Amino acid sequence: MSQSVTGPAPAPPDLVSAARGGGSGGGAIAARRRRRVAGLLLVLGLLVVATLLSVAVGAKEMSLDAVWHALVSPTGTENDIVVRSQRLPRTFLGLVVGIALGVGGALMQGHTRNPLADPGLLGVTHGAAFTVVLGIFALGITNIYGYVWFGFAGALLASVGVFLLGSVGRGGPTPVTLALAGAAMSALLHSLTSAVVLLDAQALDVYRFWKVGAIAGRDFGLAVQVLPFVVLGLLLAFANAPGMNALALGEDVARSLGQRVRLTRTLGIAAITLLTGAAVAVCGPIAFVGLVVPHVARAVVGADYRWILPYSGLLGAVLLLLADVAGRVVARPGELQVGIMLAVVGAPFFIALVRRRKLVRL
Amino acid sequence: MPGRPPLRVGPASWVLRARALAVPLVGLAVVVLLMAVNIGRGEFPLSVTDVLNVLVGGGDRPQRFIVLDLRLPRSLTGALVGAALGLSGALTQTITRNPLATPDITGITAGAGAAAVSVIVVGGSYGSLTGQLAEIGVPLAGLVGGLLSAILVYLLAWQRGVEGYRLVLVGLGAHALLSSLTYWLLTLGDVTDASRAVVWLTGSLNGRGWEHVTPVAIALAVLVPLTLLGAHALGALQMGDDTARGLGVRVNLTRALLLLAAVALAAVATAAAGPVAFVALATPQIAMRLSRTAQPPMIASAVLGAVLTVGSDLVARTAFGAVELPVGIITAVLGAPYLMYLLVRRYREVRA
Amino acid sequence: MTALPAAESVAPVATARQEGGSPPSRLHAENLRLGYGENVIVDGLDIDVLDNTVTAVIGPNGCGKSTLLRALGRLLNPQQGHVLLDGKRIDRMPTKEVARVIGVLPQTPQAPEGLTVADLVARGRHPHQTWYRQWSSDDESAVAEALRLTGMLEFAERTLDQLSGGQRQRAWISMALAQGTDLLLLDEPTTYLDLAHQVDVLDLVYRLHAEAGRTVVMVLHDLNLAARYADRLVAMRAGRIVAQGEPAEVLTEELLREVFELDARVVPDPVAGTPLVVPVGARNRSS
């Protein structure tokens, strides 16, 4: 750094090193970085536990021995089939979708500067719902392999529509115009969905089970199909993180720091759409992950999106898997869908969070 | 105040603004006209003049029967429900200082929905409630469920007073929980029950009679004057708690009372017609832009709510041939694009 | 006037000026029209920001001071005319490149909750970072140095909401410093501060100029402090520059009457000798 801040009169080196050694400035930043890495490893450990639970625990009681047997040397017993064809795919799907929803939710709240924002605000959920029922109504598609693409397309179209509608103004997309456009679009699509399901009982029958949100009953193939979109969304999201940090200081400061505001917003919205669109299409709307998890992540790591995003992703997967496991246990021999479980667990948690902490400003 | 002619009657004085007066007046005329058209449509069509004639006391007997006993209650329910929702939305948006806030933020429609749907599902699939009981039970459950969840949300949001922002967050949590439960309930019964539940959840005026008109009318008659009395304090609340206190407004009390009024309005309306979508969200914003005021105008929001609801019912009844859609679908299909158009136009103007 | 020839014609002019003994200016603007939509705030304005000076822009509320500053910092694109940095149109340069030369601090910047001072200042390094190099030792020493210069080292781990107004302002200035730019544009850096803290912040600004050789442009409301701390004053009224130059040349009784519609005496500052504005006011006019 030849053009140092000190200019012609360089600072005495001892001051700078004192700054580092004294636990302030750069030194403190490094120390916190270590804490954050340690925390991330802890969350990763949690995720491993949640994953194991999701494989080992289910509506059908099974010894750990049997689970292990099914995993390493399956012989086609009933237990083997349950583990390999049901628990493994839904666990994998839970991981993918949980990460996608957690990261998507954190981005969403950041870009709309709105701690209430969940991906539904961009019209993703209602867009997917509408195209799903439309596919069933107009084309008679009831196979999930078929309508998952309808759902994905609907999510993309709706959020692109919201983004365009929210960006017509001089200043480009702002948090307020995006939120208003999203609310208008969601209301419109929701009522169109209602109209379709009232006209077609078959569409309603699929819709009502899709709408509660579940990761059960989907096989590996489905998860693999949307995986590329989730991966692309995650890449975009992490590329977006430094820009989000600048934008958090307001658009003027972000611009003066050399950030291209419109580009950052566009990339961010693209990432949100890919992540949540893929999740919603496969699993239906699972709302609470994207809403709650970023708040927890911020409480742990502070205001740095380079850390909020990975924490949100991992915590999202942990939450989704644990909720899914709980849903298998509470209603034996049946089970509750993960969407319901998340609402039942997440809502009180969220309300407690709101009551306990001072409200965040983003 | 310069440019605003004051109106003084004895000790009372108001500032008049032409647009703020014109919007509700024109709106009122439109409501009456829409109602007349709506009443005229049906198996025995009547002209607008016939309908208006009956309404002012004329017409022959069959005409009077068709208008007064069969069709007027439905339109009147629509107008009153729309007015209640519009006013309720205007209050909520002002109190929370959030253009996206609706009475929903208190969890009221979600609570009403969960309660009503459970009556429909339990009554339908498990046969423990007979048809008649379910007919009365659904609106009653809606009213009780809505009020209960609103009270619960308010209490949960209370921490040495209720801050609008915290209320929104707590309400959001409750809303998500309750609507999740509602959709879960939908998966329990058979498809016909689910279909009935969706109709209710969308908001419908089908088969509404005088027994639906009366409660909403009473609620409006009591709450509208109270709201208008409190409304002058709303301008101060809009500027934040500290400023409002400085202007001599008792912040917590005012907000609690006005919110209670908003909740009561929405609860009664929801019990009568189901949660008619979008009226509470869109009409205050539309009224605000039409009146060119800084915050949602109360009366204009109520009147425009009635316009939107009655107009939508007219479309829902007549536009699709034999199929009659629930009014809530049309309110959203009409209201949402208009809100989008306003968004676009406003920014075009700024840019030009 | 088309855009391109204007940009080309500028460089020779600038050189000629330097040859002719005029002070050098890296940042200047010509024939600016600024505004929001149909609301034109500044029209037909030219300005040269002289290198290695502290310039204070003064003028009544709504005269376009902040708008001008935003345009100089490319936060606002001119409706007409150009802002030129080293002879190049600023709106055509990569914004990150500009961010390494010009730092802008808006009037009341907003920060997310829970952000610590060190975090905030670290974000000033944004223009020097890429996705593969997010935290170099340069970044670290720049942040430490910025914190030291503003005396904020001891507060580095506090969150912004725990600070007093003056401390918060110093934290934001640290952020702009960490950006390591030769030019600093500050929009009312002393708003909401008491007199002692105002002097504090302006002392800091002066040190940045004197020790680190920075060029500073700031919008100021307090005329006496502006006269004290600035090498040059630019007086604006209704979107136009009425006078510019050294404080003693600009801050005259006639100018105060013309620009601020203020009846005032101007006397020498007993401490610094710079002009000191003493308003007359209605209470003392008759006597």
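# A tour of chains B and C

Select chain B to begin, where you will find 13 helices and two strands; here helices (H or I, at least four residues) and strands (E, at least two) are DSSP runs, numbered from the N terminus. What you have open is a predicted model, in which local features need pLDDT of at least 70 and side-chain atom pairs count only at pLDDT 80 or more, while totals for chains, interfaces and linings use all residues. Residues are numbered from 1 along each chain as its sequence is written, and chains are lettered from A and ligands numbered from 1 in the order in which they are written.

Stay with chain B as a whole. Of its 352 residues, 54% count as buried, a residue being buried if 20 or more other C-beta atoms lie within 10 Å of its own, exposed if 12 or fewer, and partly exposed in between, with C-beta atoms placed from the backbone. Two residues are in contact if their C-beta atoms, placed from the backbone, lie within 7 Å, and among the contacts in chain B between residues at least 6 apart in sequence, 74% join residues at least 24 apart.

## Two crossing helices in chain B

Next, select helix α1 (residues 18–40) and helix α2 (residues 48–55) of chain B, whose axes come within 8 Å and cross at roughly 105°. This makes α1(B) roughly perpendicular to α2(B), because angles of 65 to 115 degrees count as roughly perpendicular, under 35 as roughly parallel, over 145 as roughly antiparallel and the rest as oblique. The axes are lines fitted to C-alpha atoms, for helices over the stretch in contact, and angles run from 0 to 180 degrees between N-to-C directions. Show the side chains of B:Ala36, B:Val37, B:Ile39 and B:Gly40 in α1(B), which meet B:Val48, B:Asp50, B:Val51 and B:Leu52 in α2(B).

## The nonpolar core

Which residues have the most contacts inside the largest nonpolar core? Select B:Ala84, B:Leu265 and C:Val121, which hold that place in a core of 317 residues; a nonpolar core is a set of buried Ala, Val, Leu, Ile, Met, Phe, Trp, Tyr and Cys residues joined through C-beta atoms within 7 Å. Helix α13 (residues 305–330) of chain A gives the most to this core, with 15 residues. If you centre the view on B:Leu265 and leave aside its neighbours within four places in sequence, you will find it in contact with B:Ala84, B:Leu87, B:Ser88, B:Ala219 and B:Leu223.

## Domains of chain C

Now colour chain C by its domain assignment (the bounds come from an automatic or database domain assignment), which gives domain 1 (3–101 + 181–285) and domain 2 (107–179). The centres of these two domains of chain C, taken over C-alpha atoms, are separated by 25 Å, and 16 residues of domain 1 are in contact with twelve residues of domain 2.

Select helix α2 (residues 65–72) of chain C, where seven of the eight residues are buried, so the helix is largely enclosed by the rest of the structure. Just after α2(C) comes C:Arg74, with a positive phi of about 50°. C:Arg74 lies in the loop between α2 and β4 (80–85) of chain C and is buried, with 22 other C-beta atoms within 10 Å.

Finish at C:Asn52, in the loop between β2 (39–49) and β3 (54–58) of chain C. Its phi is near 55°, a positive value in a residue other than glycine, and C:Asn52 counts as partly exposed, with 15 C-beta neighbours inside 10 Å.
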